[in-house]
Amino acid sequence: FADSMIQEIELPIQISVIKRQAFKNCYVLKEITLPASIIRIEDGAFGDCYDLDTVKYQGTMKHLKMSFPDWEYFSDLFDDCAARHIHCTDGDVELL
């Protein structure tokens, strides 16, 4: 999807890893929905996705934190994005 003009995407449940630079330079991407099956997001996956302001996670806040115990690293993955929260099924988790 890198360098594409997608504005919104819902990743299928079969996805467990988002590879390095998978969405890099998706300047108009505004919303992404991550399945609860995600266990790893590689560096730069969302690089230069400046308009990405909505990140939805199809699992609970507890499951998200268990899947990504290094919350600082996880938050850094979204540094280039407008998003400041991850919207889980049971509430929002603030990015650092």
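Which residues form one aromatic cluster? Phe-1, Phe-23, Phe-46, Phe-68, Trp-71, Phe-74 and Phe-78 do, in a predicted model where local features need pLDDT of at least 70, side-chain atom pairs count only at pLDDT 80 or more, and totals for chains, interfaces and linings use all residues. Residues are numbered from 1 along each chain as its sequence is written, and side-chain values use heavy atoms, with hydrogens and water left out.

**Aromatic pairs**
- Seven aromatic pairs are found in a search of the whole structure, a pair being rings of Phe, Tyr and Trp (its six-membered ring) with centres within 6.5 Å, called stacked if the planes are under 30 degrees apart, edge-to-face if over 60 and tilted for the rest.
- One of them joins Phe-46 and Phe-78, which are stacked at 4.9 Å centre to centre with 20° between the planes.
- This pair links distant parts of the chain, 32 residues apart, with Phe-46 in the loop between β4 (40-41) and β5 (54-57) and Phe-78 in the loop between α2 (71-76) and β6 (85-88); helices (H or I, at least four residues) and strands (E, at least two) are DSSP runs, numbered from the N terminus.
- Phe-46 and Phe-78 are both buried, meaning under 20% relative accessible area, against over 50% for exposed and in between for partly exposed (1.4 Å probe, protein chains only).
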